[in-house]
Protein chains: 2
Amino acid sequence: MTGNVTPIRSHATPSLDPMIALVAEDMNAVNATILDRMQSKVALIPELAGHLIAGGGKRLRPMLTLAAARLLDYPGTRHHKLAAAVEFIHTATLLHDDVVDGSEMRRGKRAANLIWGNPATVLVGDFLFSRAFELMVEDGSLKVLKILSHASAVIAEGEVDQLTAQRRIETSEEEYLHIIGAKTAALFAAACQVAPVVAEAGDDAEAALEAYGRNLGIAFQLIDDAIDYTSDEATMGKGLGDDFRDGKMTLPVILAHARGSTDDRAFWKDAMQGSRTSDADLAHAVALMRATGALDDTLEAARRYARRAVDALSIFPDNHARRAMVEAADFAVARAY
Amino acid sequence: MTGNVTPIRSHATPSLDPMIALVAEDMNAVNATILDRMQSKVALIPELAGHLIAGGGKRLRPMLTLAAARLLDYPGTRHHKLAAAVEFIHTATLLHDDVVDGSEMRRGKRAANLIWGNPATVLVGDFLFSRAFELMVEDGSLKVLKILSHASAVIAEGEVDQLTAQRRIETSEEEYLHIIGAKTAALFAAACQVAPVVAEAGDDAEAALEAYGRNLGIAFQLIDDAIDYTSDEATMGKGLGDDFRDGKMTLPVILAHARGSTDDRAFWKDAMQGSRTSDADLAHAVALMRATGALDDTLEAARRYARRAVDALSIFPDNHARRAMVEAADFAVARAY
């Protein structure tokens, strides 16, 4: 076990570029739907929603729907509306998250709640969430509606669960994995599963793409949770050490606490309970994470889930789309380096 | 025009009792579904949701679904699940409203946001909202899903619109009616329309019941908005004069402002902008509303909408169910006396 995160780069750093190129044309259609359907006569709605939606973000979840459809050679366009619905659900949860966390930054901009206040942010989230269901109803697949309404309930459960775990130093690795499986991976999985449903690709394809999405989502979240301790604000687009100051029990904390000395464990308890929030405290936390291998092992865990995501694709022919999806999984992990 | 609200009582005060009796058996099934489907492994969810759901409330909206089904002699049970979905949507909006308004009381109890905080209240609202859609998906009617997903989007728009109108003394009667049509009447209308859809009662029955619900919802909201200035805290189950202190532009305010002297108008502007919040200010506001006939005319408007609701039922045979629904409309208005 080393005290530092060892950068391991392949000759070419994995990126999302192949997936972005793969779905570029489809994404134009999805973006048009998003812009069209976030409109409302109530001017504050497109204004607030547009701040977040037009303000960047990778559109990762709808991209997964589109990429999975390419993988299956789906010739139709039904998935465009559904990919927009997925992005609306995601945006609604981001808006509510910002209220829940009292966020100050999101995607490198001031969080919506700071500009328009909590009330409008909550309500515009509700609007986008309802709009997502209207889009699904227009498509008309009860199976898609089932997948995404269930995913939405699971996300909310995961968020409440995370709230309960917050500042609770006893949170276990299992509880943490359950939480991120719900709050993050459920929508990744649903986004991927929507494609084989509309493509009528069968149960095996559905199960495989659900597994790809779920494992990819966990990998992404693990890396995000590591990056919160290792990156800088500009890269993250949100405040550095936010998780630390919010007392979020993420895997790097859980591992560093479990492996720490009595003094270290006291530090972590104080820190998670909010009585250690200075820059020096944060620097000390990162040092402990490095010394105990907590960051290394979080990245290793992410690598394992990313690998599972890749393995789930093995039932599909090795084509352009599959290679882009494999590289997306590599990218999820590579972001940490 | 009199300076006082004149109590006009018929020999028997209209009540919800006939409707409650009409649907009692069905409501037991709905309540069982509500209790069953608000459960979650995440303990905070049933705890918080139960505070509001088990804590009373008239269950008016699901009651309308059940009564409309009786009116149509619908022999099935599909509407039980859908009535529960309607109540979940309503509960989700109440939880979010409490966060939006910073409520202190709801249904005579401390508001959930004060007990569990805004974050949990927002997220449990999201959970119930998702659960509502899961219930609808289980039922499997795309038409019902369309009606209720659209109603949900309209409610959110109405809430944002209301937020925009808050403290804005220029808000017109038309804008106000548009807002309450969206934030309140849309769900009343949808709750009623669900019954003819599952009963396959045809377009005329759907249109009639939609109109009954919509007009009844507007009547209820008009009376609620009047009661906020005339009732006492125990009757309302929430703080007296909350609308006044929140700067909510309701019809009694709009009328009293429009009809006031220059001094009165200055008072209303100050009051709605939040610089007149004392008990004496509230008493002055009520006095102005009585002197200008603003309260009388708000009740008269409610009576008109309640009458439209009753008229919409004229296509149905005059039976037990219809009489209960007519009396519910009379009750909506009679609450003010």
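I begin with D101(A), which is partly exposed at a relative accessible area of 25%; buried stands for under 20% relative accessible area, exposed for over 50%, and partly exposed for what lies in between, using a 1.4 Å probe and protein chains only. Please note that this is a predicted model, in which local features need pLDDT of at least 70 and side-chain atom pairs count only at pLDDT 80 or more, whereas totals for chains, interfaces and linings use all residues. Residues are numbered from 1 along each chain as its sequence is written, chains are lettered from A and ligands numbered from 1 in the order in which they are written, and side-chain values use heavy atoms, with hydrogens and water left out.

What does the side chain of D101(A) meet in a salt bridge? The partner is K248(A), at 3.1 Å from N to O; a salt bridge here is a side-chain nitrogen of Lys or Arg within 4 Å of a carboxyl oxygen of Asp or Glu. D101(A) belongs to helix 4 of chain A and K248(A) to the loop between helix 10 (242-246) and helix 11 (251-259), so the pair ties together parts that are 147 residues apart in sequence. Helices are DSSP runs of H or I with at least four residues, numbered from the N terminus. K248(A) counts as buried, at 9% relative accessibility.

In chain B, R70(B) and D26(B) form a salt bridge at 3.3 Å, N to O. R70(B) sits in helix 4 (residues 60-71) and D26(B) in helix 2 (residues 24-37) of chain B, so this pair joins parts that are 44 residues apart in sequence. R70(B) is partly exposed at 37%, while D26(B) is buried at 11%.

E300(B) is partly exposed at 34%, as is R303(B) at 31%. In chain A, salt bridges with shared partners join R37(A), K81(A) and E138(A) into one network. Over all chains, the structure holds 36 salt bridges.

How many salt bridges does the rule find across the interface of chain A and chain B? It finds zero. The contact, meaning heavy atoms within 4.5 Å, takes 35 residues from chain A and 35 residues from chain B. The area buried between the chains is about 3200 Å², with 77% given by carbon and sulfur atoms; buried area is the accessible area (1.4 Å probe) that two parts lose on being put together, summed over both. L123(A), E157(A) and V160(A) supply 18% of the area that chain A buries against chain B, more than any other three residues.

Helix 2 (44-53), helix 4 (78-101), helix 5 (112-139) and helix 6 (142-165) of chain A each supply at least two residues of the side that touches chain B. Helix 6 of chain A gives the most, with 14 residues.

I close with two backbone positions. R167(A), in the loop between helix 6 and helix 7 (173-198) of chain A, has a positive phi near 65 degrees, though it is not glycine. R167(A) is partly exposed at 32%. E200(B) also has a positive phi, of about 50 degrees, and is not a glycine; with 69% relative accessibility, E200(B) counts as exposed.
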